[in-house]
Amino acid sequence: MRSEQISRSRGLFDAVLFDRDGTLVHDVPYNGDPRQVRVMPGARAALDRLRAAGLRIGVVTNQSGLARGHFTADELARVHDRIEELLGPFDTWQVCPHDEGERCRCRKPAPGMIHAAASALRTVAARCVVVGDIGRDMAAAGAAGATAIMVPTEATWPAEIAAAPAVAGDLTSAVDLILRRHRMLHSRPAVERRRRVLVVRSDSVGDVLVTGPAIRAVAAGADEVVMLCGPRGRAAAELLPGVAELIEWPLPWIDPEPAPVEPAELSRLTDRLATIDVDEAIIFTSFHQSPLPLAVLLRMAGVVRIAAISDDYPGSLLDVRHRVPAGVPEAERALSLAAAAGFPLPDTDEPVLRLRPGCLRPATSTGFPAAVPVGPRQSPAATESPGGAPPGALPGGSPGPVRPGYVVVHPGSSVQSRACPPERCAEYVTALRAAGHRVVVTGGPHERALSAMVAGRDGTDLGGQTSLGRLAAIIASASALVVGNTGPAHLAAAVGTPVVSLFAPTVPFGQWGPYRVPWVRLGDPMAACGNTRAARCPVPGHPCLTSVRPQSVVEAVELICGTAA
């Protein structure tokens, strides 16, 4: 039997944190009796596999029975002793003893216990996996920026299952998923250092940004990286670390509104590829795109080694044909291809989205605090307002109990089905202002009317006034970003800003949600448009997003910003 021991390198995860009742043991309400502890099937073997793989394990559990007097602290300790007797030792136990009415920061769905467990294990939440059986387990993981996997039971609501980033049938399957994702980044030995490598991602801003960690991995093993991108993603490609040269070229088999395939144009592209003198090429694509048309042109241009993910039989077009299971986050999907091609991410680099040092454009001309170029986020000073208003004043001019920092609302999207209706976004701005948040509304050059309408009297309108670098700077200094499934969500992940994700379920959240940054998902995950990949909403009224109440947005912002009352 093959050993499951994983390299002790940094890898993807450091720890796995489990909910207790309904996940590790059968749920016995307010249990203070160790004799009633019954472990879930396969739990001991699953935990032992994680221990053997070098991952630390912990428990994060709400136990309001303490506050309600259903059992004592000593009785709870005896229950936990029995659990460890049956399942083996845990590296940390994190218990919230509070009742729901106490509004503490540790009770799930608040992220406090996730952060406390990560600290106890000398890591950070982004390097942890949270496994639980209900929606509040997933919400706590998201608000902390941890990976979330649901193992539902008969008591789990269908909407909670639909909203979860990843779902496993049992603990054995959950551990299979964790270890598979962990291994994917170490799947092949590193190749000898290459002189020049071509990386390809011809898509939009968000697609380019999520490929960034994989491009850094390639850059770590090459003297120079040349990137082929499309016109829709060039601005993002210019922000990526590790890219020495950019070639912009639209690919008609990738672009959503492609020009006709012209033989002369393909000949020109082939000739251009022949001039860049690379040792190999790595073609990054989304799960629904094919790398094979470009692989043909690369072969014709004389590139001798080509790697790509391809479910279709590639014949001799690919030297490295990689396959990835469905549902893997796009950033990890790309990283796994880089590793399969012999370019694993170095242990000194974290598998997170990141921008090139010094690339952010400070927004001081609009009254914003300058953003840090790269690195940990810094909150803006509490005395400085986005629109240049005096301290204590909201952008609309009304005095109020202003909270530190500001919230960015980005209502637009390049895909209509993923954009929240503007009237609803305007309500979110008004509700956030009423809750004491300064609000900034952003948009692209063609979204000036949209951003002005959404900002109204309650927000500062910056629609069409920023480059992508300046937008990144504005988001980097924000407390949170409220946005649909579009490029700025990934820009926020790249600068470490929490995201309230107004996520239309046309594509899987687990693949396209904000990566390794605190998030709250809002929207109906069971809407009829689910997994259709529809570019235009197929359901009248856009119910998956119009169902999001303004108060839900306020509560989501306050959950991930730690400002809930």
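Predicted model: local features only at pLDDT ≥ 70, side-chain atom pairs only at ≥ 80, totals over all residues.
**The α9–α13 pair**
- Helix α9 (residues 212-220) and helix α13 (residues 330-340) have axes 7 Å apart and pack at an angle of about 20°.
- Because of that angle, α9 is roughly parallel to α13.
- On the α9 side, the contact uses Pro213, Ala214, Ala217 and Val218, which meet Ala334, Leu335 and Ala338 in α13.
- Of the residues in this contact, seven are nonpolar, while none are polar and none are charged.

**The sheet**
- An open sheet is built from six strands with parallel pairing, in the order β8-β7-β6-β9-β10-β11.
- The edges are held by β8 (245-248) and β11 (320-322); each has a single partner strand, so one side of each lacks a neighbour in the sheet.
- From one strand to the next, the twist averages 15°.
- Strands β6 (residues 194-201) and β9 (residues 280-283) run parallel and are joined by four bridges; Val200 has Ile283 in β9 as its bridge partner.

**Helices on the sheet**
- Helix α12 (residues 292-300) lies across β6, β7, β9 and β10 (306-309), running at about 170° to β9.

**Cysteines**
- With a cut-off of 2.5 Å between cysteine sulfur atoms, the count of disulfides is zero.
- The sulfur of Cys104 has its closest cysteine sulfur in Cys106, at 3.5 Å, which is too far for a bond.
- For Cys537, the closest cysteine sulfur is in Cys529 at 5.8 Å, again too far for a bond.

Note on methods. Residues numbered from 1 in each chain as written. Heavy atoms only, no water. Axes fitted to C-alpha atoms, helices over the stretch in contact; angles between N-to-C directions. Helix = DSSP H or I, 4+ residues; strand = E, 2+ residues; numbered from the N terminus. Parallel < 35°, antiparallel > 145°, perpendicular 65-115°, else oblique. Contact = heavy atoms within 4.5 Å. Nonpolar A, V, L, I, M, F, W, Y, C, P; charged D, E, K, R; others polar. Pairing = 2+ DSSP bridges.
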